[in-house]
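Here's a quick briefing on how some strands of this chain pair up into sheets. Have the sequence and the model open as you read.

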Amino acid sequence: MEKFNNIEEFEQLLQDKLNTHSVSAPSDVWANVASSVGSKVSVFSQLSTYLSSFTNILKVALFVGGIATVVAVLVAENVEKPEVIQEQTEETVSNENNNTESILLENEEASNKNIASETSVQNIKTAKKETVSAQKNEAKPDLPNNLKEQKLPEIQPEAAKQTNEKGAKNIGTSLLISNRTPCLNEVITLSNSSQLLGSWTVNGKSIAENQAQIDYKCDKIGTFSISLKSKKVSEQSTITVNNFATKINTSKGETGVYNFSLVNKTILANWYKNNKLISTNTNTIKVILNNVGQYEIKALPINNSCALAAITEVNIEQKGKFEFYTAFTPGIDGINDNYKVTIENYKSFFIQIFSAKNKKVFETNDPNLGWNGREFNNGIECKTGEYIAKVAYQLNGEEAKTQNIKLTLLR
Amino acid sequence: MKSSEHTNEKSLVEACNKGDSKALKMLYDTYSSTMYAICLRYMNNTDEAKDALQEGFIKVYKNISKFKFSGSFEGWLKRIFVNTSIEQIRKRKLHYDVSDVAADPTLTSHIETGKMDADKLLELVQKLPNGYRTVFNMYVVDGFSHKEIGKKLNITESTSKTQLFKARKQLQVWLKNWFI
């Protein structure tokens with residue numbers, strides 16, 4: 001095995017090896033990168049190249065004009081079937097954004113599946129808007145001349161879809177709920193896409209009359225049916241109110257190292273020791289607690305807004321001390337006249353002293369009381385010789401112990 | 001233009017600059033494993049490293065037109081990934097007062113013996129507590145000065161030095177069998 005003379009030698013090796021090191025990237029990263037950048041570049045850059053020729057601009061203009069006419073006819077035909085159009089629109093959006101959806105879901109990994117699936121629809125819509133506006137900004141002027149007819153079909157669904165969205169707005173009303181999976185006590189906004197006035201109910205109980213938009217405080221956990229009724233519409237939807245507590249598991253390792261982790265492994269938190277931030281964005285921390293005192297360890301979940309803060313306490317007590325000596329000289333010189341052990345910071349203490357013939361001559365649970373060398377129940381002086389002290393004690397932060405001390409009484 | 005035609009770095013970069021999606025994929029395939037190793041070195045876990053890798057490539061594609069072939073392309077890429085990792089660490093509000101957060105006292109036994117290869121070294125760096133790791137990576141592997149580290153991480157030069165000192169001390173404890 002090679003050895004290093006000093007840390008610099010080790011660091012040189014580390015620098016050499018790590019600078020050229022490579023690890024296969026996880027397979028899903030490319031898909032996410034491509035969905036954020038690749039597709040955008042490929043569609044729009046190629047399109048802008050195509051448009052760089054004046055003839056092509058004319059072609060596109062004619063084509064878009066044609067599409068617009070077709071769409072206008074379609075919208076007119078669909079006026080009587082608003083639900084169908086809306087469903088189709090949502091489907092198109094979600095199909096086109098499968099990758100965006102997976103990123104969003106990953107970010108919300110820790111939230112429960114209900115939350116993820118319900119919010120994803122909203123997120124997809126928001127993401128779509130952002131992507132569209134980003135695409136407009138990103139179009140580059142200098143691009144390859146390799147696209148031919150293939151570009152035009154790609155524009156078609158985009159143009160048609162936007163028109164469909166506009167069409168749907170005019171012909172139907174849907175409930176707009178600011179958050180369908182709110183946390184307990186969160187205030188959500190309920191409104192409708194046509195801003196119609198109506199009466200609002202939660203689980204059949206009226207909460208507002210003649211309003212287009214209201215704020216509603218979710219004060220109970222569970223799934224609730226929200227409905228809006230007016231002369232023109234009757235719409236219904238549901239929300240799920242969540243909240244949950246997570247607990248901190250504590251385990252003690254060697255030399256004052258404590259491991260704290262949240263029982264729910266998917267929750268990441270910022271951790272505080274006595275309200276001072278000590279670690280961020282993690283499920284588990286290690287903390288060394290050596291100093292005597294009361295410690296409050298708090299975890300504030302950051303990846304799940306419905307998870308409550310968790311707190312645990314650790315009490316580090318003064319370390320105990322136990323010492324003894326093995327001889328004493330009662331009543332000779334005023335020194336070492338009583339036999340005592342030294343014990344500090346203890347939970348329990350009990351001492352018994354026996355003669356060589358196994359006769360108990362002294363016992364107490366008060367370490368300040370010493371044995372004066374006389375039998376404790378009749379005061380008879382004990383003889384010079386060996387005695388056994390049996391001490392049972394428990395120091396702070398330690399297991400209970402017993403200690404047998406062979407001691408000599410000298411006169 | 002087909003990706004197989006990008007026989008050299010320059011033509012690959014130029015094709016990426018023009019938005020050729022095959023070239024973008026080829027660029028990714030060529031460099032993602034080196035860049036992922038950088039992210040792994042800086043970040044707390046593989047999920048964070050994946051995020052940094054993704055973010056880094058998005059930046060590369062957005063800024064590739066700014067690369068003027070005045071230096072090495074791989075060096076330019078590496079800088080982007082180091083900076084992206086540092087940015088993400090800063091976003092996660094890493095604080096540098098980690099004196100009471102213990103390093104994992106145990107090492108897997110394979111580090112204690114055998115040959116010191118890149119995987120072992122990476123594992124060691126990853127085991128360092130957050131603050132130590134960032135400064136150690138920047139100073140030792142990526143060659144930043146304490147002044148630069150201080151500026152980038154918004155900490156003082158002396159904090160940077162202390163973190164490096166602690167990181168070195170920790171490594172020496174772990175690797176006591178490796179030193180003569």
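In this predicted model, strand E10 of chain A (residues 269-273) pairs with E13(A) over 5 bridges, and the two run antiparallel. One spot to look at is A:Lys273, which sits opposite A:Ile297 in E13(A). On to the sheet around that pair, and then another one.

**The four-stranded sheet**
- E10 and E13 belong to an open sheet of 4 strands in chain A, ordered E11-E10-E13-E14, with antiparallel pairing.
- Strand E11 (276-282) and strand E14 (310-316) of chain A are the edge strands; each has a single partner strand, so one side of each has no neighbour in the sheet.
- From one strand to the next, the twist of this sheet averages 20 degrees.

**E13 meets E14**
- Strand E13 of chain A (residues 293-301) is joined to E14(A) by 7 bridges, again antiparallel.
- A:Ile297 faces A:Thr312 in E14(A), and A:Ile297 is also the residue opposite A:Lys273.
- A:Ala299 has A:Ala310 of E14(A) as its bridge partner.

**The three-stranded sheet**
- Chain A also has an open sheet of 3 strands in the order E8-E9-E12, with antiparallel pairing.
- Here strand E8 (248-252) and strand E12 (284-288) of chain A take the edges, each with a single partner strand, so one side of each is left without a neighbour in the sheet.
- The twist in this sheet averages 20 degrees from one strand to the next.
- E8(A) and strand E9 of chain A (residues 257-262) are linked by 5 bridges and run antiparallel.
- Within that pairing, A:Ile248 has A:Leu262 in E9(A) as its bridge partner.

Technical notes
Residues are numbered from 1 along each chain as its sequence is written. Chains are lettered from A and ligands numbered from 1 in the order in which they are written. This is a predicted model: local features need pLDDT of at least 70, side-chain atom pairs count only at pLDDT 80 or more; totals for chains, interfaces and linings use all residues. Two strands pair if DSSP finds at least two bridges between them. Axes are lines fitted to C-alpha atoms, for helices over the stretch in contact, and angles run from 0 to 180 degrees between N-to-C directions.
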